[in-house]
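User: I would like to learn how to read a few side-chain features from a model. Could we take them one at a time?

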Amino acid sequence: MTSPALTGTHLRTVLAHAPTSIVALGSLVDGQPDGMIAGSFVGISLDPPLVGVAIQDTSSTWPRLRTADAVGISVLTENHAHLVRQLAGPKEHRFDRVGWFTDGDAVHLDHCCAQLTTHVVEEIPLGDHILAVLKVNDATEFSTTRPLVFHGSQVTTVAPTSH
C-alpha cells in the first residue's frame, strides 16, 4: 500500500479516523470566565493524578488560562454540541447564555458528564502544540450522558452502551 506524501492536511484526514474527546477548559481571569475547547484530552497518570491537553501553540487563550490558580476541565456531552463553536469563537461571547460555576478559579460548565479541577504542572513544546500537563485536585462524575467526540472531522457522540 502506498500513501500520499505526508502533509499536514493528509495527516489530519488520517487522524480523523480516531475519535478524540472534546472538553472545555476554563478559569476565572480578572474575575470573568475565560475558556477554550480542546479536542486532545488524555489521562496520563493515576498516581500522581495527571491529565494532559495538547494546545495549539498559537492559542491566544492558553496564556491567560495557564496563569490562573486552577483550570477547570469539563467533559462535554451531547447536550453541549450546540455550544462547541461558541466556546471556540470570539472571547467576548464564549460564555453568553452558557451555564457555568466555579471551584476556586476553575470554571466548569453545567451538565457535563465529568469535571476536573486542575492546575498546570508542566508545559512541553511539541511541534506546533504545547502539551499541558495538569495535576488533578478534584474530579467528579455526574451522568452517563453520552460524551462528545471529534470524529470524521465532525462533532458527534459515542454510541450508547448496550446491556
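This is a predicted model: local features need pLDDT of at least 70, side-chain atom pairs count only at pLDDT 80 or more; totals for chains, interfaces and linings use all residues.

User: Which aromatic pair does Trp100 form, and with what geometry?

Analyst: Ring centres must lie within 6.5 Å, and planes over 60 degrees apart count as edge-to-face. The count here is one aromatic pair. Its members are Phe95 and Trp100, 6.3 Å centre to centre with 70° between the planes, so the pair is edge-to-face. Phe95 is buried, at 14% relative accessible area.

User: Where is Arg94 found, and is Arg94 buried or exposed?

Analyst: Arg94 sits in the loop between helix H3 (84-87) and strand S7 (100-103). Its relative accessible area is 9%, which makes Arg94 buried.

User: Which backbone oxygens lie by polar atoms of the Arg94 side chain?

Analyst: For a polar contact, look for N or O atoms within 3.5 Å. The backbone oxygen of Gly35 is 2.5 Å from a polar atom of the Arg94 side chain. For the backbone oxygen of Leu87 the distance is 3.4 Å. Leaving aside residues up to four places away in sequence, Arg94 touches several residues, including Asp34, Thr61, Arg64 and Gln86.

User: How many disulfides does the structure hold?

Analyst: The test is whether two cysteine sulfur atoms lie within 2.5 Å. The structure holds zero disulfides. For Cys112, the nearest cysteine sulfur is that of Cys113, 6.9 Å away. Cys113 is likewise in no disulfide, its nearest cysteine sulfur being that of Cys112. Cys112 is buried, with a relative accessible area of 2%, and Cys113 is buried at 10%.

User: Which residues have the most contacts inside the largest nonpolar core?

Analyst: In soluble globular proteins, nonpolar side chains tend to be buried together. The largest nonpolar core in this model has 19 residues, and Leu25, Ile55, Trp62, Ile73 and Leu134 have the most contacts inside it. Elements that give two or more residues to this core include strand S2 (23-29), strand S5 (49-56), helix H2 (62-65) and strand S10 (129-141). Another core, of 11 residues, lies apart from it, with Leu83, Val107, Leu109 and Cys112 among them.

User: Which residues does Ile55 touch?

Analyst: Not counting residues up to four places away in sequence, Ile55 touches Leu25, Met36, Trp62, Asp128, His129, Ile130 and Ala132.

Terms used:
Residues are numbered from 1 along each chain as its sequence is written. Side-chain values use heavy atoms; hydrogens and water are left out. Rings of Phe, Tyr and Trp (its six-membered ring) pair if their centres lie within 6.5 Å; planes under 30 degrees apart count as stacked, over 60 as edge-to-face and the rest as tilted. Buried means under 20% relative accessible area, exposed over 50%, partly exposed in between (1.4 Å probe, protein chains only). Helices (H or I, at least four residues) and strands (E, at least two) are DSSP runs, numbered from the N terminus. A polar contact is a pair of N or O atoms within 3.5 Å; within protein, one must be able to donate a hydrogen and the other to accept it, and residues adjacent in sequence count only if both atoms are side-chain atoms. Contact means heavy atoms within 4.5 Å. A nonpolar core is a set of buried Ala, Val, Leu, Ile, Met, Phe, Trp, Tyr and Cys residues joined through side-chain atoms within 4.5 Å.
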